[in-house]
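Morning, everyone. Please bring the model up on your screens, and we will walk through it together.

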Amino acid sequence: ALPRTDRAGRDLRAGATLTQLLPTGTRLSVGYEGVGDRSTTDRPGGVSLPDSVSARAIDYRQNVQVRVEQPLLQDFGLGVNRASVEIAKLQDASSRQDLKSAMIGTVTQTVIAYRAYVQARERQAIARKSLTRAQQLLRLNRRLVEAGRMASLDLVQGRTQVSRQQLALEEARTQLESARLTLLEILDLNREAIVVPIDSLGVPDVSLDTDSLVRIALDRRPDYQRVQNAVGIAREDRRLATNRRLWDVRLVGTYNRRPEGDRFHLPYRGDPFSVQGGWNVGLTVERTLGNPRREQRREQSRLQAQIAGNRKTDLRQQIRIAVRDQVNTLRQRRRQLDLAREVRRLSARKLAVEEKKLDKGRSSNFQVVVFQNDLTRARQRELQARIAYLNAVTRLDQLTGSTLRTWGIELDALQ
């Protein structure tokens, strides 16, 4: 008979499973499980040990399983398994284009407001020069009256001209303050901040190749990039919807590895590394019948893809028309600026000649005042034409998506 054994037992269990999904849709799983029954005995059963020796015995069972699933129809291939990743990338790109579009709008608004402020300053300078000329003319008229070469009643016209130019100067100051506050509000600065323009309102030369500008717009415009991303998202969503209509057919292979006899003991008895195991291969087929949702989703994805494609085509045509119209507008603004420059130059010469004639008594005070007003209007028209041309260039940058590049703003540096 075997000796009686007093045993207080407890189980030890450990396990882990690792799963990897491959780009082809293959799912690879490796699992391990070990269970140990630990007990304290005076004599391990079946083993002759001296009475003075006690031993600790562990019955340990382990199992290693490898499972491979390969889709054959649904979820098969690189495209369908990367569709969700591609959709996420396109959505992230669209978010960046939204930020870019907002920045372009803000920069464009700021530039136009800045030019309005500069224009107001120039108008004030023009009004101040006009007032100075009117005051000089009034002093000249007084000398002519003192010399007996002009009637004193003619001084009324000179005084009226001075008052008119003083009023114009006050109006220019009011417009300047309004333009300054508008600019500070856009920039979100203190209303007491002083703005000192450093731009001389130079007139840049711009390439007006319509085809080249259209290509640039299609490459840089945020709204067109968003539409392209929407087309890509619709394409990937349609791929997923088509995939869901397929039968779920999978090739499944499993491999089990465990010690022979399903356990080994500590102290070792026999060969604990003698194992047994093998592969099992099968085919699983799954299909839900009578479910209209898959077909509905496929049809919805097809319609969304068609809508996105139509939006892309329409926007492409709108961009071509808008760029072409803006190029024509820019050409007209340049011609108007050149003409305004010529008118201002001739008006200045005309006034200078008339002032010399008045000094020699060969012209009238009225004629000089008229020519002074002509020069003031010519200067204002030139300033307005210059601002209109520069704003047209800025508008063309906005239409082609080149605003940030023109002003040296890096989107990545601001994130």
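Where does Asp75 lie? It lies in the loop between β3, residues 55-71, and α1, residues 78-81. Keep in mind that this is a predicted model. The phi of Asp75 is positive, near 65°, and the residue is not a glycine. Asp75 is buried, at 17% relative accessible area.

Now compare another loop. Asp188 sits between α3 and α4, the latter being residues 210-220. Asp188 is also no glycine, and its phi is positive, about 60°. Asp188, however, counts as exposed, with 70% relative accessibility.

Let me step back to the overall layout. The protein has eight helices and six strands. From the N terminus, the order is β-β-β-α-α-α-α-α-β-β-β-α-α-α. There are 415 residues, and 34% of them count as buried.

Next, helix α2, residues 83-146. How far apart are the end C-alpha atoms of this helix? They are 94 Å apart. With 64 residues at 1.5 Å a residue, the helix should span 94 Å, so the two values agree. After α2 comes Gly148, with a positive phi near 80°.

α2 also matters for the surface charge picture. Arg139, Arg142, Arg143 and Arg159 gather in a positive patch on the surface. α2 gives the most to that patch, three residues. Arg159 is found in helix α3, residues 155-187. Arg159 is partly exposed, at 45% relative accessible area.

There is a nonpolar patch on the surface too. Its members include Leu72, Leu73, Trp247, Trp279 and Val285. Together the patch residues have about 1,000 Å² of accessible area. Which strand gives the most to the nonpolar patch? Strand β6, residues 275-286, with four residues. Val285 has its place in that strand, β6. Val285 is exposed, at 51% relative accessible area.

For contrast, look at Val368. Val368 is in helix α7, residues 365-400. Val368 is buried, with a relative accessible area of 0%.

On to salt bridges. The structure holds 24 of them. Take Arg133 and Glu355: their closest N and O atoms are 3.4 Å apart. Arg133 lies in helix α2 and Glu355 in helix α6, residues 293-359, so the pair ties together parts 222 residues apart in sequence. Both ends are partly exposed: Arg133 at 28%, and Glu355 at 27%.

Other bridges stay inside one helix. Glu177 and Arg180 meet in a salt bridge, 2.7 Å from N to O. They are three residues apart in helix α3, so about one helical turn separates them. Glu177 is partly exposed, at 36%, while Arg180 is buried, at 13%.

Glu354 is buried, at 8% relative accessible area. Lys357 counts as partly exposed, at 29%.

Some bridges share partners. Arg67, Glu69, Asp75, Arg244, Asp248 and Arg250 are joined that way into one network. That brings us back to Asp75, in its loop between β3 and α1.

Technical notes:
Residues numbered from 1 in each chain as written. Predicted model: local features only at pLDDT ≥ 70, side-chain atom pairs only at ≥ 80, totals over all residues. Heavy atoms only, no water. Helix = DSSP H or I, 4+ residues; strand = E, 2+ residues; numbered from the N terminus. Expected span 1.5 Å × (residues − 1). Patch = residues over 30% accessible without salt bridge, like charges linked within 9 Å, V, L, I, M, F, W, Y side chains within 5 Å. Areas by Shrake-Rupley, 256 points an atom, 1.4 Å probe, with all protein chains shown as cover. Salt bridge = Lys/Arg side-chain N within 4 Å of Asp/Glu carboxyl O. Lys, Arg positive; Asp, Glu negative; His and termini not counted. Charge placed at Lys NZ, Arg CZ, Asp CG, Glu CD. Buried < 20%, exposed > 50% of the residue type's maximum accessible area, 1.4 Å probe, protein only.
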